[in-house]
Amino acid sequence: MAVARPVLKITGLHKRYDQLEVIGNLSLEVRKGEVLVVIGPSGCGKSTLLRCINGLETIQGGDIELNGQSIIVGHTRWNLVRQQIGMVFQSYDLFPHMTVLENILLGPMKAQGRERAEATKEAEAFLDRVGLLDRKDSFPRQLSGGQKQRVAIVRALCMNPEIMLFDEVTASLDPEMVREVLDVILGLAEQGMTMLIVTHEMAFARAVADKIVFMDQGSIVESAPPDIFFQNPVSDRARKFLNIFQFEGVKKEERHND
Amino acid sequence: MESAISIFLEGRNLARLMEGVWITLKISAASVLLSVVFGLLVGLLMISRKPALQAATRFYLEAIRVMPILVLLYMFYYLPDKNWGLHFEAQTVAIGVFTLWGTAEMADLVRGALTSMPAHQRESGRAIGLTEGQVNRYIIIPQAVRRLIPGVINLTTRMIKTTPFIYFISVPELLKVGQQIVEISGMKNNMASFWVYGFIFFLYFLMCYPISCFSAYLEKKWQN
Ligand SMILES: Nc1ncnc2c1ncn2[C@@H]1O[C@H](COP(=O)(O)OP(=O)(O)OP(=O)(O)O)[C@@H](O)[C@H]1O
Ligand SMILES: [Mg+2]
């Protein structure tokens, strides 16, 4: 495959909260159709990175380009930029006063000015794909966590974004619902959606990623294809981080063997 | 029973009671409407990040809370008249004072409704490319209104129940009219106070109950 153009290109990103430097000189590229998975210890700046990309946080240095266009330099109309970036958060963040379908149509109709009929058709097709077409007239509070998160994904997809950002979308789900959400994301990867995913699900990261990016203390420590990264992490910090997950596995086995 | 009915049929008694109802409703409705409008504005000032504005609105709210309504009524009715020769219509003063009170209460409700909104609601709206105005219009305001309704209804019924105070600045509201009728009819009919006050109780019920029902209806409808 020829090298695809970068959809997202971050160069020398700096982000501070007051005095605290959260991201220091971070550079990153996501090419069309590529799936990048960002992992790293809690508090290392993963969420902050995603929030900088769609302008929910201001940045103190560096540049971010979307399809070759800087979204930092010059006068950025964030509402237009964000239409091209789908973001799904950890907390189920549906609008509680709207039905599932209304939640999904809000962006396409109000932000993009699309026709209700056409947008509805697309929304229903997406809902069908995630197995929730029969819940389109339900309200968020009538759905399980996993269902809400799938709706949130559809809501972002219906904007037909260039890239999808996922921030630990399964972290607050009950274990039995994690799978249904991850399967949706796997399906997107198969269809060639460009994605930047933050997750603590290592097995999922391995399955979905074209490239793993390991972050610690606000910068990228190493990045490599998943097989290489998980078998032979180069840095000590990555090895230590992966050991945390390893350790849990060993303990379980010991207990079973008792 | 017959004597009871005769109390209401005598002279303009029934008509006067109805006029009392009208004044009570008129003053409550005007005050609630004005309170909602000003309360929204003051509520937005309360959550502004300017410390001076926050302090000023906080002071206003606390000052109104500790002040008995009656003191406010006297203050605005008699003081300007005595000191500066400014005479305000009693009903105008009543609406003004009730609005002063209602605005404070309403502003605090607005503040509560807005600050209890999870930050993620706004961010999710932004994330799907809505402008700030659209986020407010489609996401924040509809949810804030739903949170406000029970408080507004509660304020309305409390205002209706507080209207008897305006008799003290000589507005002929419902309870005062009733009292006058009892005083006159009571000479002939010793059950007069029972019937008249019973009827007034019923009238207050008629004014407040539909409002409570409406509130319950909205809550149910929005609960989904
Ligand atoms: N609004 C804020 N103000 C000040 N500091 C913040 C703010 N948001 C995040 N931080 C700090 O920035 C650092 C990075 O936070 P961030 O949420 O990006 O981490 P993370 O990698 O997503 O962690 P987790 O895996 O726990 O979600 C943390 O030290 C955090 O305390
Ligand atoms: Mg995070």
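**Confidence, ligand and cavity**

Reply: Chain B has a mean pLDDT of 86, and 98% of its residues reach 70 or more. That score is the predictor's confidence in each residue, from 0 to 100. This is a predicted model, where local features need pLDDT of at least 70, side-chain atom pairs count only at pLDDT 80 or more, and totals for chains, interfaces and linings use all residues. Residues are numbered from 1 along each chain as its sequence is written, chains are lettered from A and ligands numbered from 1 in the order in which they are written, and side-chain values use heavy atoms, with hydrogens and water left out.

Me: Where is confidence lowest in chain B, and where is it highest?
Reply: Lowest is helix 1 (residues 2–9) of chain B, with a mean of 71. Highest is helix 6 (residues 119–127) of chain B, at 93. Helices here are DSSP runs of H or I, at least four residues, numbered from the N terminus.

Me: Why care about low values?
Reply: Where pLDDT is low, the coordinates should not be read in detail.

Me: And what ipTM does the complex get?
Reply: The predictor gives an ipTM of 0.87, with a pTM of 0.82.

Me: New topic. Which residues surround ligand 1?
Reply: Among them are A:Tyr17, A:Val22, A:Lys46, A:Glu168 and A:His200. To count, a residue needs a heavy atom within 4 Å of the ligand. Helix 1 (residues 46–53) of chain A gives the largest share of this shell, three residues.

Me: Which polar side-chain atom lies 2.5 Å from a ligand 1 oxygen?
Reply: One in A:Thr48. The side chain of A:Ser47 has an N or O atom 2.6 Å from an oxygen of ligand 1. A:Gly43 uses a polar backbone atom, 2.8 Å from a ligand oxygen. Polar contacts like these are pairs of N or O atoms within 3.5 Å.

Me: How much of ligand 1 does the protein cover?
Reply: 59% of the 640 Å² of accessible area that ligand 1 has on its own. Such areas come from the Shrake-Rupley method with a 1.4 Å probe.

Me: How many cavities of 30 Å³ or more are there?
Reply: One. A cavity is a set of points on a 1 Å grid over the protein atoms alone, where a 1.4 Å probe fits but cannot get out.

Me: What lines the largest cavity?
Reply: Both chains feature, with A:Met87, A:Phe89, B:Ser124 and B:Ile128 among the lining residues. Lining residues have an atom within 4 Å of a point. Helix 5 of chain A gives the most, three residues.

Methods:
Helices (H or I, at least four residues) and strands (E, at least two) are DSSP runs, numbered from the N terminus. A polar contact is a pair of N or O atoms within 3.5 Å; within protein, one must be able to donate a hydrogen and the other to accept it, and residues adjacent in sequence count only if both atoms are side-chain atoms. On a 1 Å grid over the protein atoms alone, a cavity is a set of points where a 1.4 Å probe fits but cannot get out, and a pocket is an open set with protein on both sides within 12 Å along at least five of seven lines; lining residues have an atom within 4 Å of a point. Grid points are joined across faces, edges and corners, and a volume is the space filled by probe spheres set on the points.
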